[in-house]
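Trainee: Could you take me through this structure step by step, giving the cut-off behind each term as we reach it?

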Amino acid sequence: MTIQQRRRPRAGGKGLIVSTVLALGLMGAACAPQSGQGAAAEDPEYPWHTDITATTFWVGEIHDPDAVDGSQVQSAYDSFWLESYGGCDGQLVEGVCQTEERFEADSWLPGNMTPKENPFYLDLPFDDVNNPRAFAMRGDVIPWAGKPGYAGRETDKSFSYMKNRWVRITKGDRECYGQIQDAGPSIYDDDAYVFGTDDARPANTRFNGAGMDVSPALNGCLGFSSLNGATDRVNWQFVDDEDVPDGPWLEIVTTRQVQHG
């Protein structure tokens, strides 16, 4: 399936790359500190998950070449993730893809490349395509599985219920939005945590019990304390497409579905 992207121009017809003045104005308003969780209308269908450790990952990262899941050249849903995204989501240092600091004036975009897909991406520990247990239960545990566009696709392995779904994330007084593009960290069928209504802790015990990885753009937008740490804590909830507010996360919206080589 070919990639489809939705670009939402801002005032004056600006596209993906905006001027510094516009970024400091509209982008600043979009990603400026907000009232966090309290700013969102409570939706019992998508409960909040609170005080969750979040680490940072990026397209092109290879953090453990000996681990099956140690490379972000591929994702759980895209065997050609690096190519689909447009290259290393950071900077190449002696041939190694490394992360880099992001800035609000640049809409949190990478400084050395122009992404083809949404730079505001994340993962959650539920791989509904490749993990047999998650695949078997996805039609029952995923809240939107029966909605138009999803209903009746429980046995379709070319389709993910998770990929491209929106997530609202807050840290302190900051609120940002991203799309799911991978699965992890470490666990791939944690339905109790991902879809539970009782704020369950992640089953993962690695990386301080991290319950999600976020992209460098989200790292910057949320004001993480480190470019690649494992101590930042966030709150998060799923959100439907129509409830995603305007912001830099809507400059490019990824709609490509599963792509396996």
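Mentor: Let us begin with burial, where a residue is called buried under 20% relative accessible area, exposed over 50%, and partly exposed in between, using a 1.4 Å probe and protein chains only. This is a predicted model, in which local features need pLDDT of at least 70 and side-chain atom pairs count only at pLDDT 80 or more, while totals for chains, interfaces and linings use all residues. Residues are numbered from 1 along each chain as its sequence is written, and side-chain values use heavy atoms, with hydrogens and water left out.

Trainee: Is glycine 149 buried or exposed?
Mentor: Helices (H or I, at least four residues) and strands (E, at least two) are DSSP runs numbered from the N terminus, and glycine 149 sits in the loop between helix 3 (132–141) and strand 6 (166–171). Tyrosine 161, twelve residues away from glycine 149 in sequence, lies 9.5 Å from glycine 149 in space, C-alpha to C-alpha. With a relative accessible area of 55%, glycine 149 is exposed.

Trainee: What percentage of the residues of the chain count as buried?
Mentor: The chain has five helices and ten strands. With contact meaning heavy atoms within 4.5 Å, residues 24 or more positions apart account for 72% of the contacts with a separation of 6 or more. Of the 261 residues of the chain, the share that counts as buried is 52%.

Trainee: Which strands form the closed barrel, and in what order?
Mentor: Two strands pair if DSSP finds at least two bridges between them, and strand 5 (residues 121–124) pairs with strand 8 in the antiparallel sense over two bridges. The closed barrel has six strands with mixed pairing, in the order 2-8-5-7-6-9.

Trainee: How many disulfides are found, and which handedness has the link of cysteine 176 and cysteine 221?
Mentor: Taking a disulfide as a pair of cysteine sulfur atoms within 2.5 Å, a search of the whole structure finds two disulfides. The sulfur atoms of cysteine 176 and cysteine 221 are 2.1 Å apart, and because cysteine 176 lies in strand 7 (residues 174–183) and cysteine 221 in helix 5 (residues 216–222), this pair ties together parts that are 45 residues apart in sequence. Cysteine 176 and cysteine 221 are both buried. The torsion about their S-S bond is -95 degrees, and the link is left-handed.

Trainee: Why is the disulfide of cysteine 88 and cysteine 97 given its handedness, and what is that handedness?
Mentor: Cysteine 88 is joined to cysteine 97 with an S to S distance of 2.0 Å, and both cysteine 88 and cysteine 97 are buried. The torsion about the S-S bond of cysteine 88 and cysteine 97 is about 85 degrees, so the disulfide is right-handed.

Trainee: Which residues are linked in a network of salt bridges?
Mentor: A salt bridge is a side-chain nitrogen of Lys or Arg within 4 Å of a carboxyl oxygen of Asp or Glu, and the structure holds 13 salt bridges. One of them joins the side chains of aspartate 240 and arginine 165 at 2.9 Å, N to O, linking the loop between strand 9 (233–239) and strand 10 (253–254) to the loop between helix 3 and strand 6, with the two residues 75 residues apart. Aspartate 240 counts as buried at 10% relative accessibility, and arginine 165 is buried as well, with a relative accessible area of 5%. The network links Glu45, Lys147, Arg165 and Asp240.

Trainee: What is the phi of asparagine 164?
Mentor: Most residues other than glycine have a negative phi, and most peptide bonds are trans. Asparagine 164 is placed in the loop between helix 3 and strand 6 and is buried, with a relative accessible area of 12%. Although asparagine 164 is not a glycine, its phi is positive, at about 80 degrees.

Trainee: Is the peptide bond from glycine 184 to proline 185 cis or trans, and what is omega near?
Mentor: Proline 185 has its place in the loop between strand 7 and helix 4 (191–195). The peptide bond leading from glycine 184 to proline 185 is cis, with omega near 5 degrees.
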